[in-house]
Amino acid sequence: MASTESKRQQRFASVIQQDLADIFQREGMVWAPDTLVTVTRVRVTPDLAIARIYLSFLNAKNVQEAIANIKSHAGEIRYKLGSRIKNQARIVPQLEFFVDDTNEYVERMDKLFEKISKEPRQED
């Protein structure tokens with residue numbers, strides 16, 4: 001999938017990911033108390049107007065509540081991002097937040113494989 005993105009999109013996504021990671025590290029507790037928020041992936045549209053940010057939540061009591069809270073503060077987060085990237089970008093992209101549930105998926109698969117490996121093997 002990455003091959004369809006231009007180098008410019010990838011560079012811009014990388015800058016956004018690093019800056020947002022820093023913002024969430026410093027101020028994430030405000031939007032998601034007692035939760036470690038990690039920016040796992042950023043995808044940017046070809047016109048760089050929209051950034052899709054994928055987040056994972058560690059220790060979240062309610063992931064849906066945490067993402068909803070972050071979405072409700074998207075304007076504030078975008079403003080903070082804007083003050084960091086203003087010298088590198090003409091526009092500050094609109095931010096869309098999504099839950100990255102890859103880790104949960106991997107954990108579920110690990111548990112399944114573990115369960116399967118413990119089952120007695122059938123002899124032919």
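1. Asp110 lies in helix H4, where helices (H or I, at least four residues) and strands (E, at least two) are DSSP runs numbered from the N terminus. Asp110 is partly exposed, with a relative accessible area of 46%; buried means under 20% relative accessible area, exposed over 50%, and partly exposed in between (1.4 Å probe, protein chains only). From Asp110 to Gln64 the C-alpha to C-alpha distance is 23 Å, at 46 residues apart in sequence.

2. This is a predicted model, in which local features need pLDDT of at least 70 and side-chain atom pairs count only at pLDDT 80 or more, while totals for chains, interfaces and linings use all residues. Residues are numbered from 1 along each chain as its sequence is written, and side-chain values use heavy atoms, with hydrogens and water left out.

3. Asp101, Glu104, Glu107 and Asp110 form a negative surface patch. Patch residues have over 30% relative accessible area and no salt bridge; like charges are joined within 9 Å, and nonpolar side chains (Val, Leu, Ile, Met, Phe, Trp, Tyr) within 5 Å. Glu104 belongs to helix H4 (residues 102–118) and is partly exposed at 40%.

4. Helix H2 (residues 63–72) has Ala66, Ile67 and Ile70 as its buried residues. They are on the same side of H2 because they cover an arc of only 95° around the axis, the arc being that of the directions from the helix axis to the C-beta atoms. Gln64, Glu65 and Ser72 are exposed on the other side of H2.

5. The count of salt bridges is 7, with a side-chain nitrogen of Lys or Arg within 4 Å of a carboxyl oxygen of Asp or Glu as the criterion. Lys80 and Glu27 form one of 2.8 Å, N to O. This pair links distant parts of the chain, Lys80 in helix H3 (residues 74–85) and Glu27 in helix H1, 53 residues apart.

6. Glu5 and Arg43 form a salt bridge of 3.5 Å, N to O. Glu5 is in the segment before H1 and Arg43 in strand S1, 38 residues apart. Glu5 is buried at 13% relative accessibility, whereas Arg43 is partly exposed at 22%.

7. A network of salt bridges links Asp19, Asp22, Arg26 and Arg84. Within it, the Arg26 to Asp22 bridge is 3.0 Å, N to O.

8. Most residues other than glycine have a negative phi. Asp34 has a positive phi of about 55° and lies in the loop between helix H1 (7–31) and strand S1 (36–44). Asn59 also has a positive phi, of about 70°, in the loop between strand S2 (50–58) and H2.

Terms used. Areas by Shrake-Rupley, 256 points an atom, 1.4 Å probe, with all protein chains shown as cover. Lys, Arg positive; Asp, Glu negative; His and termini not counted. Charge placed at Lys NZ, Arg CZ, Asp CG, Glu CD.
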